[in-house]
Every structure is written in structure tokens, then in C-alpha cells.
Number of protein chains: 2
Amino acid sequence: MFPVKATTGNLLFMIYNGKKLRTIWFDTDENVVKIIDQRYLPFEMVIESITTCDEMCRAITDMYLRGAPLIGVAAAYGVWLALLECANSSNPQEAFRTSMERLSTTRPTAVNLLWAINRVMRAIDGVSDLKERTTITFKLAGEMADEDADICRSIGEHGLTIIENLYRKLGRPIQVLTHCNAGALATVDYGTATSPMYIARERNIPIHVWVDETRPRNQGRLTSWELQQADIDNTVICDNTGGYLMQQGKVDMVIVGTDRVTANGDVANKIGTYLKALAAHDNDIPFYVALPSPTIDWSLEEGVSSIPIEERSPEEVLAIDGDIDGKRSSVRLFSSGIKAKNYGFDITPARLVTGFITEKGICKPNELKTFFGR
Amino acid sequence: MFPVKATTGNLLFMIYNGKKLRTIWFDTDENVVKIIDQRYLPFEMVIESITTCDEMCRAITDMYLRGAPLIGVAAAYGVWLALLECANSSNPQEAFRTSMERLSTTRPTAVNLLWAINRVMRAIDGVSDLKERTTITFKLAGEMADEDADICRSIGEHGLTIIENLYRKLGRPIQVLTHCNAGALATVDYGTATSPMYIARERNIPIHVWVDETRPRNQGRLTSWELQQADIDNTVICDNTGGYLMQQGKVDMVIVGTDRVTANGDVANKIGTYLKALAAHDNDIPFYVALPSPTIDWSLEEGVSSIPIEERSPEEVLAIDGDIDGKRSSVRLFSSGIKAKNYGFDITPARLVTGFITEKGICKPNELKTFFGR
């Protein structure tokens, strides 16, 4: 165990441990749901109270919080808030229905959002008493948060065995490269790709993490900030750099998260992941994908041709935000009239993946179906 | 031929054609050497007069101009300026020697710098009359500029045959991906990787160029600006994106420049090149390297283990500059205390290179020695 301090103010920030702070939690002193408003990270640590379903909708839509597991838990608390509010309405059923419609459409492509809402709806299906529905939902939201933290911790425990084996073999700090932020900030706690790093830190197995800056949204700065909070040695690099580091023997393993894995083991993840997988393969470096098992989409046989890739605003490429003397500011990177394209994800073919680190254990792409009994 | 306008003011800017504007030239109206001061690009087009050897040294050191061939020509004009100045000195020989020392050390690793200075020194070796030395040097500097433009144009002519063949086969605009700026701005005119694009535009062979932004120094904005000036359709992408585009059949060929090629065909180029070469190889997309033949370093048998890679300031990764309301500004991208590493180049192994486009023609990596009679 190691205490981790907040960067701002005197707030004790211990995202790793989970006892002091998660990305979302119910504050029992103030009787309110709280979240880390990630829009200000890594420059400022802001905690928001979410008191209405509408506020939760805004928090999801405007990306106060992000990451599939976290969005799921946020949605569950959103349902709870909607139930609380509709009790004061002249037409509770109608008011609740309207809130649910709004909540369901906060992020169009987030599978976890609908999954979480449906899970809550099933739990309160057939329960007519509004107070009871509210109590069940509150309890379930908390359980879902704990569940996510548990799943992520299990991913970490399994992933740690890989790091431990490398450490035993090499006898020096293990060099891990990661892309994007599949970190505690994208989940309730621990993260997926970062979880083995946190557990390694806990067990005093020395590691150093190469953090891809991850253009265009620069989620690498969330990862570097997270790891810094947890006192894990890390160095930021441009997305261009990983190949060179691998050529030079400066990377022992790659761990990334994923947004969707198909039945054959193809991996959709943040754009640029495929390039790192190619470089890892070319240099005989193990390439691992960390994920909660529900991320596997058994309905798709393969991913390269079948997973739709989100195209986002060119503005994310043409301008970038950062800090100027304590003020968040955006600068234009290109001259006027320049066009840009911005694809959010790419597909890493299964042949480039060494293994999947799940809460149930580690398996190879070609073992995926057997491992999960499909 | 197509006229190209300057982005700012009413200056007629025709970097492609070379008649109106190169990156460096002697202005016969004003009797002065002029350069495009690239520090302000792509946001502002600034032309500077260089009137002393000291000014030329500053222009090279502070990267008013960049790119090996351009630095060479700038150095030649620098020698000329030093000769002019030393005529007014009480000890011309000593004054000239001091200037040459300064000029030779403006950029420590630029091979072209010393090559150009030595070439001039050989040409005036044995000529004792200072006026004659000055005249010879001035003429030679101009010839070297013309020579560089000619070499680049030849690279373009040879490279065009590849684009033409693809166009004949596919009958639609050819999709070219490039990394960094191996453009007219890095040479006297035409560029290396961009030269086939300029010639294609001249011959009305339709192309579209994917321009890697090329973190951390974002030279992609120079490339996109250059191509925009020349009315060549282009789209900027993050360095992470090329692999996905190739997976989706949206890239027909890759052309990059190089800083050094070893005898076996290994290619040192801007960091990230190797990742694009891997992706091109994985998707059966031809990967070409455009270069003037002196870029081949016959003294090194291979590059992956033997070419030293420049490590640059982490600040280039941690902060980025751009335009805020017409003012060039720098924003910090990461929170305080975050470390970064910044390697300038990587090595693309010969096995990933389809061909070298040189001023003497195109050859495969394994034909390199035979092609150049080594």
C-alpha cells in the first residue's frame, strides 16, 4: 500500500487504492453521487456532485467521465436519480420514461450504457413500489461499481504474472509500453491495461511505463498523470516513438485496453494500436490486450472488415488544447483551409496479439472460444 | 504550370515552379541573398534578407531554414558573404578563417553543411585574388542551388512513373501517404518525397496526399501548407492513422524522404517512418524512399544497429506551439513533473522498402550497390 496525493489542493487522492477515491462514488457524508470531472485533467483535479439525472446525462454526454465501464456505473446511478426525481412528479411513470430516454441516448455507441440501464431495469422489473425500486437501484449501482473494481483488480492479478515472469527472467525493471488511457480513469478503479501496473507497484515489482501521447485526444496525459499519482515510473513518448524503442530493446511488453474484441481475437482499440502491434510482432515483443470478458463481442466472427470505426471531428486533429500559465487554451496547429480526417480506432488482427488478459485468466487469441466455453 | 499564391500579403509565391521563389535565392534587384524564414510557417510567410555571414550562421543555427540540401546551399552563400566581408578587414585571411569556423559549426550533425563548405573551398583553392575567390564562390553557390533543384526534379520525374503506372491501373486519384516534410521547404525546390507529387500535379495526374502530422515537431503542417500552395489535394492525419487507412485500402503508395541510407538499404528517417513501413508491408502497399544519391552512406553496411539516433529535448513532446488568434503560442500538454523522451529518427529495415527513387532512377534495396556501381 502507498498513499497517493492529489495534485491540487489538500485532497487526499488515492485512485489506486479505491478506498479514498474512485472515479465515481456515493458520498455517504453528503448523501450525493460524486465523480471526478475528467475534463480538467491532468491540469486540475475537479470533483463534481451529481444531484439529478439531467446532470448525470450531461456528465456522460460532455465527457466529464469516459470509458465504457465507468459510463455503465454512471448510467446506473442515473437511473437511481431518475427514480428519486419522478417521485415528485404528477406523472411518475411518464417522468421516469422521459429520463430513461434521455439517459439511453447520451452516448450513441457506448454498449455499456445500454447494458447497464437494461441490467437495472431487469432488477426492478415487476417491483411496483417506487421506494423499493429506488432502493434496489441504489444498491445495484454500488454493486456494479464494486464489481467493476473487482474485475479490474482480477485483470491486474492475472496480468501481474506476466510482469513477474519477465522480472524473474531479466532481473531489472520491466519496460511496459501502453497506448491511450485504459486506466483507472476509464473504469471505476484500477483500469484494465493499467491494472497489472498498479498491482506490480503494490507488490514492489519494478516497472517503467512508456506512455504513448495518443493523438489526437492525447489520452496519454491521463495515463501519465494516473501513473504519477500512483508513484509508478513512466515516460511520455510521441506515438511515433514506440517502434524505435522496440528496435532498441527498450520495451519488454506492450499492454493495451480494447473497445471490442471479436470471436476470432481481432481487437478494436484506439487508433494507432495496430501500428504498435506490428512493431511488437516485428521485434518479438509480447503484445497483450487487457479486458473485462464482456468486451468480447461473440456476434462478430472477425473485426478487420466488420467493426464500424467512428469518424470524429477534424477539429480534434487541427487544434489542440493544453495549459498556458494555468489557463486551459486551444491552439491551431495548421494553417487555414487545411483538411483533416480523424478516425477513432483501428483493428489489430488476432495474429499480432500474444494474449488476452481477462478477469478469468490469460488466453491466446486462438484459444478464446475454448477458454470462454463458446 | 499553375500559379500559386502566397498565404499572406500579396506576394506571388510559387515554390513549385522555382522561377518566382525558391527557399533560398539571390535577389538581383536588391543584390542580396534572400530566404524563406520557415520558423513562421505555416501561419505566416516571412522572407528575410541575409546580408552577412553571421546572419547566415544564425539562420542555419536557429532553423530559419532546415533540410540537408538547403543547409548546404545556405552554407555556400555563407562562404561568399564571409569573403565579401573579409575584404574590409585588416587581416582578411584571419577574418575569413574565423567566419568559416563559425559557419562550420552551425549544425553539428548536418553532413551537407561540411560537404558544401568543402566543395567551395576546393573550388577557390589556389586562387589568391580575393575578388576572384568571391566571384567563383558566388557562381558556385548559385550552381549548387540549381543543381539541387535539378536533382529534386529528376527524383520527381522518376517517381512520377510509379504514380502514372498506378493511375493507369486504377483509373482514379492515387492515394499517397507521406511522413514529415521531405518537401520543397527542405531543399531548394521541389523537395524529395514531394517532387513526384509536384510533377504529377504539373502533368494533371490526379493524386491525393495523406499528410502525417509528424509529432513532435509537426513538420506535417509544412507539408500540408506546401501542397496547398501547389493546389495538390491533401488531408492531414495523426501519425496513428496511417495503419487504419492502409487496412481500409485507402493508401496506394507511401513516399518518404530520408536522412541517411546505408549500403544494405536500411533507411534512417523521421521517427515513426518505421511504423508506416511495417503497416505498408502488412497490407502489400508499396513503400518508396526518395533521395538524392549522396544521401547513401556507403561507409555503413547496415543501419539498424549502426546509425546513431539524435535525442532531442523532451520539451518538444511536453509542449506544442500553434496559433491563437494570429499569435504564435505554446501550450503545455502534460501536467508538471511528467517526463518525456524524444528520439528524432528511427530505422526502417531494407526488407520493408519497395524501392529507392533517386535522381538516377529507381532501384530496389538489394540492387542498391549494383545500381550505383559499388
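Mentor: Buried means under 20% relative accessible area, exposed over 50%, and partly exposed in between, with a 1.4 Å probe and protein chains only. The structure is a predicted model, in which local features need pLDDT of at least 70, side-chain atom pairs count only at pLDDT 80 or more, and totals for chains, interfaces and linings use all residues. Residues are numbered from 1 along each chain as its sequence is written, chains are lettered from A and ligands numbered from 1 in the order in which they are written, and side-chain values use heavy atoms, with hydrogens and water left out.

Trainee: How many residues of α2(A) are buried?

Mentor: Helices (H or I, at least four residues) and strands (E, at least two) are DSSP runs, numbered from the N terminus. Helix α2 of chain A is mostly covered, with 16 of its 19 residues buried.

Trainee: What span should helix α2 of chain A have?

Mentor: The expected span of a helix is 1.5 Å times one less than its number of residues. Helix α2 (residues 68–86) of chain A should therefore span 27 Å, and its end C-alpha atoms are 27 Å apart, which agrees.

Trainee: Where does A:E48 lie, and with which residues is A:E48 in contact?

Mentor: A:E48 belongs to strand β3 (residues 46–50) of chain A, and counts as partly exposed because its relative accessibility is 23%. Contact means heavy atoms within 4.5 Å. Beyond its neighbours within four places in sequence, A:E48 is in contact with A:V33, A:K34, A:I35, A:D37, A:R39, A:Y40 and A:Y64. A:I35 is 13 residues from A:E48 in sequence, yet the C-alpha atoms are 5.4 Å apart in space.

Trainee: Which residues touch the most other members of the largest nonpolar core?

Mentor: In soluble globular proteins, nonpolar side chains tend to be buried together. A nonpolar core is a set of buried Ala, Val, Leu, Ile, Met, Phe, Trp, Tyr and Cys residues joined through side-chain atoms within 4.5 Å. The largest here has 76 residues, and A:I207, A:I232, A:M253, B:I207, B:I232 and B:M253 touch the most other members. A second, separate core of 72 residues includes A:Y274, B:V267, B:Y343 and B:F372.

Trainee: Is B:S293 buried or exposed, and with which side chain does its own make a polar contact?

Mentor: B:S293 is buried because its relative accessible area is 11%. The residue lies in the loop between β10 (287–290) and β11 (296–297) of chain B. A polar contact is a pair of N or O atoms within 3.5 Å; within protein, one must be able to donate a hydrogen and the other to accept it, and residues adjacent in sequence count only if both atoms are side-chain atoms. The side chain of B:S293 makes such a contact with that of B:K360 (3.4 Å). Leaving aside neighbours within four places in sequence, B:S293 is in contact with B:E359, B:K360 and B:F372.
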